[in-house]
Amino acid sequence: MRLSLLAVGRVKSGPERELVERYRQRIDGIGRTLGLGGLDIVELPESRARRDGDRRAEEAAALLEKAGSSVLIVFDERGRTPSSEAFAERIRRWRDEGRSGVACVIGGPDGLDPKIRQRAELVVSFGALTMPHQIVRALVAEQLYRALTIIAGHPYHRAGHDDS
């Protein structure tokens, strides 16, 4: 199963890009041991349409085209806040069902077209705060890596364990 992070807009060189790249490399390494491909990061250009709705619609069409038949996980402040364990379990289940891929979607500055949310099998929120998209990318990459470590039984994820 292939993993991808599809995002509208580009992240400039700097610490955020470096952090995402570090998690991408970690995902590539552990993913092979779990029957998963690496993480593809796809940056799509922001629409130049004049109206907000038109921009969202154009970006949605590009995102859906890139996602293909992959399961869509959309990151939006109006989504659910699953635990890392529950997030990992969803990814494990999709892998075990033989799904072709999981595409994590981050919209542009105008947000996401409703078509994207409707197509999503999971809409995740990191909270009600509005966050810069480059930070959301780092959070998504980290949570994907954390999910894979949970699936693998790797000690990276230690939350919820009683060591006393």
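Visitor: What should I know before I start?
Guide: The model is predicted, so local features need pLDDT of at least 70 and side-chain atom pairs count only at pLDDT 80 or more, while totals for chains, interfaces and linings use all residues. Residues are numbered from 1 along each chain as its sequence is written, and side-chain values use heavy atoms, with hydrogens and water left out.

Visitor: How much space lies in the largest pocket?
Guide: About 360 Å³ of space lies in the largest pocket. A pocket is an open set of points on a 1 Å grid over the protein atoms alone, with protein on both sides within 12 Å along at least five of seven lines, and lining residues have an atom within 4 Å of a point. A volume is the space filled by probe spheres set on the points, which are joined across faces, edges and corners.

Visitor: Which residues are closest to its centre?
Guide: Of the 20 residues lining the largest pocket, Phe75, Asp76, Glu77, Met131 and His133 are the closest to its centre.

Visitor: And which element gives the most to that lining?
Guide: Strand S3 gives the most to the lining of the largest pocket, with 4 residues; strands (E, at least two residues) and helices (H or I, at least four) are DSSP runs, numbered from the N terminus.

Visitor: What about the second largest pocket?
Guide: The second largest pocket has a volume of about 160 Å³, and H5 gives the most to its lining, with 3 residues. Among the residues that line the second largest pocket are Val8, Glu46, His133 and Arg137.

Visitor: How many cavities are there?
Guide: The count comes to 1 cavity of 30 Å³ or more, a cavity being a set of grid points where a 1.4 Å probe fits but cannot get out. The lining of this largest cavity includes Val8, Arg56 and Ile116, and helix H2 (residues 52–67) gives the most to that lining, with 4 residues.

Visitor: Switching topic, how many salt bridges does the structure hold?
Guide: The structure holds 17 salt bridges, each being a side-chain nitrogen of Lys or Arg within 4 Å of a carboxyl oxygen of Asp or Glu.

Visitor: Is Arg55 buried or exposed?
Guide: Arg55 is buried, because its relative accessible area is 15%, and buried means under 20%, exposed over 50% and partly exposed in between (1.4 Å probe, protein chains only). Asp110 is partly exposed, with a relative accessible area of 24%.

Visitor: What does Arg92 pair with?
Guide: Arg92 forms a salt bridge with Glu89, and their closest N and O atoms are 2.3 Å apart. Arg92 and Glu89 are separated by about one helical turn, because they are 3 residues apart in helix H3 (residues 84–96).

Visitor: Last one: which residues make the nonpolar surface patch?
Guide: Phe126, Ile135 and Leu139 make a nonpolar surface patch of about 200 Å². Patches are made of residues with over 30% relative accessible area and no salt bridge, with like charges joined within 9 Å and nonpolar side chains (Val, Leu, Ile, Met, Phe, Trp, Tyr) within 5 Å; accessible areas come from the Shrake-Rupley method with a 1.4 Å probe, and for residues only the protein chains shown count as cover. Leu139 is found in helix H5 (residues 133–152).
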